[in-house]
Amino acid sequence: MTGTKSNLEPLRLHIPEPKFRPGDEADFSDIAIPEVDAITRPDEASMPADIRALAYGLVRVLDDDHQAKGSWNPGLDAEQLSLMLRNMMLTRAFDDRMFRAQRQGKTSFYMKSTGEEATSVATAMALAGDDMCFPSYRQQGILITRGYPLVKMMNQIYSNRQDHLKGRQLPIMYSAPEHSFFTISGNLATQYPQAVGWAMASASRGDTRISAVWCGEGSTAEGDFHSAMTFAAVYNAPVIMQVVNNQWAISSFSGIAGGERTTFAARGLGYGIASLRVDGNDPLAVYAAMRWAADRARTNNGPTFIEYFTYRAEGHSTSDDPAAYRAAKEFEKWPLGDPVDRLKKHLIGLGEWSEEQHQALHEELAEFVKKSQKEAEANGILGHGMHQPFETMFEDVFEEMPWHLKEQCAQMIEEQHRKFGPEWEPK
């Protein structure tokens, strides 16, 4: 029995498809970009229901002439703006160098954040240095902003003998607890419940530190995301939950995760969480939104959910070829521009910067990254034998290594002796 009725059309599913495919010319003229201050900055203690329009609008500070305007303008001075620009440029220079290192076979994998630098650099600058960050895999700008040594990042990428994670993590999955940077996981959205739990623990012991977490828009389809949102809302956790909506997963567009139906920021409203949708390529808007959310969390007014509307300029990773699934030169036509270029033009407009200074800084940072790379490569690169001591693969799981792991370690060392001779030593 089919259950069909002759007077009704057959049911059918909607299969989301991106607007542009390879061979098409991208046209983003349908994206509505509101005026600066179309929705003014509310008080941090506002009830989520009273500011629901912010989940559907777009928080902006820089106008089309690159001037900072409106109630969201954080009023940063030239020194802070210059530091923000430098951190974003350094992140981009680091990405370019490590991308080339992967193509040269020096590491197995890398992920760039080109076009998204503001979502990590500006956010990190708006937080306190000891607020705990739970990043996804495209937030290297947080570490760079917090002064983490580039050489240590490169050692981890190369999995060499100075990799403090001992080669146990995929490249770019950093861990820096001393910089309040939680270990990156390759499993999507696992950091969301971790961040909420950490924030709840901070509140339960009467601390003043808050947590912030990042994920891509595709990760909002994961169960961990929704569990975290529920706990954050129920317990009023001092946490800032962020979605970097860069339009694309590795080969599927944001519609697969529900982006056709409504904004991602709107998902927070269903949980009763204050929600903002922000121009992710406007560094000042990103900073202002994060500062608003941080002040809200720190004064016991609850969690905030933020969507950064941005665009992934490069491939998902070095294992991806975006030319296979999206139109060429899409990023060049993205209506919200490039965050580095926009901040540069803002500083020039203030009389605090110039094209000559910008080019000089670009060359200085490229040389700094190159020098750091040489130092890191002296500790080894992929496949060149300068790795962690052989037996460390059995360590750091138990406080005392159990007998069966000792037995397995001894067996593997014996096999290496048989293969390479009695003079071989584990190193």
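Author: Let's start with a definition: on a 1 Å grid over the protein atoms alone, a pocket is an open set of points where a 1.4 Å probe fits, with protein on both sides within 12 Å along at least five of seven lines; lining residues have an atom within 4 Å of a point. Grid points are joined across faces, edges and corners, and the volume is the space filled by probe spheres set on the points. This is a predicted model, where local features need pLDDT of at least 70 and side-chain atom pairs pLDDT 80 or more, while totals for chains, interfaces and linings use all residues. Residues are numbered from 1 along each chain as its sequence is written, and side-chain values use heavy atoms, leaving out hydrogens and water.

Reader: What volume does the second largest pocket have?
Author: About 320 Å³. Its lining has 22 residues, with Tyr 137, Gly 216, Glu 217, Gly 218 and Ala 249 nearest the centre.

Reader: How does that lining divide by class?
Author: Into 10 nonpolar, 9 polar and 3 charged residues. Ala, Val, Leu, Ile, Met, Phe, Trp, Tyr, Cys and Pro count as nonpolar, Asp, Glu, Lys and Arg as charged, and the others, Gly among them, as polar.

Reader: And how much space lies in the largest pocket?
Author: About 530 Å³. Among its 29 lining residues, Lys 19, Gln 247, Ser 254, Gly 259 and Phe 309 are the closest to its centre.

Reader: Why does Gln 102 count as buried?
Author: Buried means under 20% relative accessible area with a 1.4 Å probe, protein chains only. Gln 102 has 15% relative accessibility, so Gln 102 counts as buried.

How values were computed:
Buried < 20%, exposed > 50% of the residue type's maximum accessible area, 1.4 Å probe, protein only.
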